[in-house]
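Subject: Structure handover

Dear colleague,

Here is the structure for your files. My notes on its cavity and its aromatic rings follow below.

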Amino acid sequence: MPLMLELKYEYFPSTWPGRIKLAELVLGLLCMMCAAPAYFDTQHWFLLVVVVAFLGTTFFSLYYLCLAEPLNKLTVNWMMAEFWFTAGTTFLYFTAFLAQLVDFGPYEDEEHQAWVDAQIAAGVFGLINDVCYGLGAYLIYVDWQKNPAGMAPAAPPPA
């Protein structure tokens, strides 16, 4: 029996958690573009956090886009899972961008200054993304308290 998926894109432009997820994905891509390739330990940690956060955010974006109905048949509280993922990611992003900025902030190298500046830019994008994840965790927590069962919210009616 084939699985029919319906795309519910209304979640992203019409709700704040959806908009924040899009911002998290865009900022995560910018972090990856600026920080890669990694040569030092702090870069490895930074990219590990960014990639794991990006993959998790992609999963939850796909959940709201088209997987809510099939995955809600499982006995998993997806709202709680998303909250703990986002809250944990907020803390990990904090450690990662702080390590990135502390390591590369005072670094000066005439020959490789553009690369150093890209690492600092990655840290700044990580800081902004950390704020987005913190705001997203707060909004998910508020939704979770409104709906403790954890079912996906109904999509708003089309305008």
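The largest cavity in this predicted model holds about 80 Å³ of space. A cavity here is a set of points, on a 1 Å grid over the protein atoms alone, where a 1.4 Å probe fits but cannot get out; the points are joined across faces, edges and corners, and the volume is the space filled by probe spheres set on them. The structure holds one cavity of 30 Å³ or more.

Residues with an atom within 4 Å of a point count as lining. For the largest cavity they include Pro17, Ile20, Lys21, Glu24, Phe60, Phe85 and Tyr133. Helices H2 (16-35), H3 (41-71), H4 and H5 each give two or more residues to this lining, and H2 has the largest share, with four. Helices are DSSP runs (H or I, at least four residues), numbered from the N terminus. By type, the lining divides into six nonpolar, three polar and three charged residues. Nonpolar stands for Ala, Val, Leu, Ile, Met, Phe, Trp, Tyr, Cys and Pro, charged for Asp, Glu, Lys and Arg, and polar for the others, Gly among them.

On the numbering and limits: residues are numbered from 1 along each chain as its sequence is written, and side-chain values use heavy atoms, with hydrogens and water left out. Local features need pLDDT of at least 70 and side-chain atom pairs pLDDT 80 or more, whereas totals for chains, interfaces and linings use all residues.

Now the rings. There are 18 aromatic pairs, counted where ring centres of Phe, Tyr and Trp (its six-membered ring) lie within 6.5 Å; planes under 30 degrees apart are stacked, over 60 edge-to-face and the rest tilted. Tyr93 and Tyr133 are stacked, at 5.4 Å centre to centre with 25° between the planes. Tyr93 is in H4 (residues 78-104) and Tyr133 in H5 (residues 113-146), so this pair ties together parts 40 residues apart in sequence. Tyr93 is buried at 1% relative accessibility, and Tyr133 is buried at 1% (buried is under 20% relative accessible area, exposed over 50%, partly exposed in between; 1.4 Å probe, protein chains only).

Phe104 and Trp115 form an edge-to-face pair, because their planes stand at 85° with centres 5.5 Å apart. Phe104 in H4 and Trp115 in H5 are eleven residues apart. Phe104 is buried at 2%, while Trp115 is partly exposed at 22%.

One aromatic cluster is formed by Tyr11, Phe12, Phe59, Phe60, Tyr63, Tyr64, Trp78 and Phe85.

Regards

Conventions: On a 1 Å grid over the protein atoms alone, a cavity is a set of points where a 1.4 Å probe fits but cannot get out, and a pocket is an open set with protein on both sides within 12 Å along at least five of seven lines; lining residues have an atom within 4 Å of a point.
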